[in-house]
Amino acid sequence: MAYNGYLLAFGSVVLPNAYLTQGSYSVTPSQRTELAAYRDNSNNLHRTTSSNHKTKITFSTKPLRLSEKIALQNVIASGMVNNTERKVQVTYYNDETNSYYTGYFYITDVTYTVLDTFGNDIIYNPISYTLIEY
């Protein structure tokens, strides 16, 4: 499937690209996991690599107001499969295959840093997310 104008969707809800800081989105698709490796007497490398490839996605938001942060959290929650594990269903654009792929990811711990407060509002510094495929 060709690129359809979005990089990530949580469940069936697309994360608007406007939330992303320009140049912050990166994807390492289909990472290989080496199960075993050795060199023989002729110094030739022999590898056993898992056929189950995993993807890592990282991105940062632009500075967000409280209402925008809550809206972002609602997008992420729409794909939540297990809140305790922070396991989400994500559809992402895979640059290795130039198509969309859907998988299950966990979200690593997220730090929220306050830039400023005024009245009943909070402005957050860019928030960084890392998603690691199960």
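1. Tyr134 sits in the segment that follows strand S13 (128-133); strands (E, at least two residues) and helices (H or I, at least four) are DSSP runs numbered from the N terminus. The model is predicted: local features need pLDDT of at least 70, side-chain atom pairs count only at pLDDT 80 or more, and totals for chains, interfaces and linings use all residues. Residues are numbered from 1 along each chain as its sequence is written, and side-chain values use heavy atoms, with hydrogens and water left out.

2. Tyr134 has a relative accessible area of 36% and is therefore partly exposed, a class that lies between buried (under 20%) and exposed (over 50%), with a 1.4 Å probe and protein chains only. Together with Val81, Tyr104 and Tyr106, Tyr134 forms a nonpolar surface patch of about 370 Å² of accessible area. Patch members have over 30% relative accessible area and no salt bridge, and nonpolar side chains are joined within 5 Å. A salt bridge is a side-chain nitrogen of Lys or Arg within 4 Å of a carboxyl oxygen of Asp or Glu.

3. Asn52 lies in the loop between strand S5 (45-49) and strand S6 (54-60). Its relative accessibility is 45%, so Asn52 counts as partly exposed. Asn52 and Ser30 are 22 residues apart in sequence, with 8.3 Å from C-alpha to C-alpha.

4. Helix H1 (residues 66-77) gives the most to the lining of the largest pocket, with three residues. By class, this lining has seven nonpolar, two polar and one charged residues; Ala, Val, Leu, Ile, Met, Phe, Trp, Tyr, Cys and Pro count as nonpolar, Asp, Glu, Lys and Arg as charged, and the others as polar.

Terms used
Patch = residues over 30% accessible without salt bridge, like charges linked within 9 Å, V, L, I, M, F, W, Y side chains within 5 Å. Areas by Shrake-Rupley, 256 points an atom, 1.4 Å probe, with all protein chains shown as cover.
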